[in-house]
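Q: Could we go through the packing inside this protein? I would like to start with contacts.

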Amino acid sequence: MPPKPPQLLPLLLCAGLAACCVKARAQSVASVRDEVIATERAFARTMADRDQRQFSRFISAEAVFLSGTTPLRGKSQVVEAWSKYFKTAQAPFSWQPDKVEVLESGTLALSSGPVKDPAGKLVGTFTSIWRREAGHVWRIVFDKGNEVCTP
C-alpha cells in the first residue's frame with residue numbers, strides 16, 4: 001500500500017537532505033584536496049626560496065622520512081638531515097605534486113609527483129603522507145623519495 005500523502009512529504013525531505021549531504025561531502029573532499037595541493041606547493045617553495053625555517057614548519061613532530069638506509073624519525077632528525085640541501089644558493093632539486101588524494105574524513109592525504117634537478121631533468125619521485133594537525137594545519141608524517149628507474 002503506498003504511503004499516505006502526509007507521510008510522503010517527510011520521505012521526500014529526507015531524500016533531498018541525503019542528496020545534499022552527499023554533494024556537500026564531495027565538495028568538501030575536493031576543497032580539502034585543493035588545500036593539500038596548495039600546502040605541498042608551499043612546502044616545495046621553501047626549497048626554491050632556500051628557507052629552511054619555513055621548511056621545518058611543514059614537518060610533523062613525529063614525522064618519518066625514508067630516503068636512505070636508516071629512517072629519519074622526528075622533526076629534529078629530518079630538519080638536521082635536510083639542512084645540507086639548504087646550504088647552497090641554488091636548490092639542488094625541486095618537486096611538485098601531480099597526484100593528491102584525501103580521506104573522506106579530511107584528516108589524511110597522500111601527495112606524489114616528480115623530483116627534478118636544477119636543469120629540469122627528472123631524477124626521482126616523491127610520496128608524502130600529510131596529516132591535518134591541531135589548528136587545521138597540514139604537516140608531513142611520512143615521506144619517501146625514489147630515484148627514477150632506468151630501463
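A: Contact here means heavy atoms within 4.5 Å. This is a predicted model: local features need pLDDT of at least 70, side-chain atom pairs count only at pLDDT 80 or more, and totals for chains, interfaces and linings use all residues. Residues are numbered from 1 along each chain as its sequence is written, and side-chain values use heavy atoms, without hydrogens and water.

Q: What is Phe65 in contact with, leaving aside neighbours within four places in sequence?
A: Phe65 touches Ile59, Pro71, Leu72, Val78, Trp82, Ile140 and Asp143.

Q: And how many residues does the largest nonpolar core have?
A: That core has 27 residues, and Phe43, Phe65, Trp82, Trp95 and Trp130 have the most contacts inside it. A nonpolar core is a set of buried (under 20% relative accessible area, 1.4 Å probe, protein chains only; exposed is over 50%, partly exposed in between) Ala, Val, Leu, Ile, Met, Phe, Trp, Tyr and Cys residues joined through side-chain atoms within 4.5 Å.

Q: Which helix gives the largest share?
A: Helix 1, with seven residues; helices (H or I, at least four residues) and strands (E, at least two) are DSSP runs, numbered from the N terminus.

Q: Changing topic, how many aromatic pairs are there?
A: The structure holds 13. Rings of Phe, Tyr and Trp (its six-membered ring) pair if their centres lie within 6.5 Å; planes under 30 degrees apart count as stacked, over 60 as edge-to-face and the rest as tilted.

Q: Why is the pair of Trp82 and Phe93 called edge-to-face?
A: Because the ring planes of Trp82 and Phe93 are at 80 degrees, with the centres 5.8 Å apart.

Q: Is Phe93 buried or exposed?
A: Phe93 counts as buried, at 16% relative accessibility.
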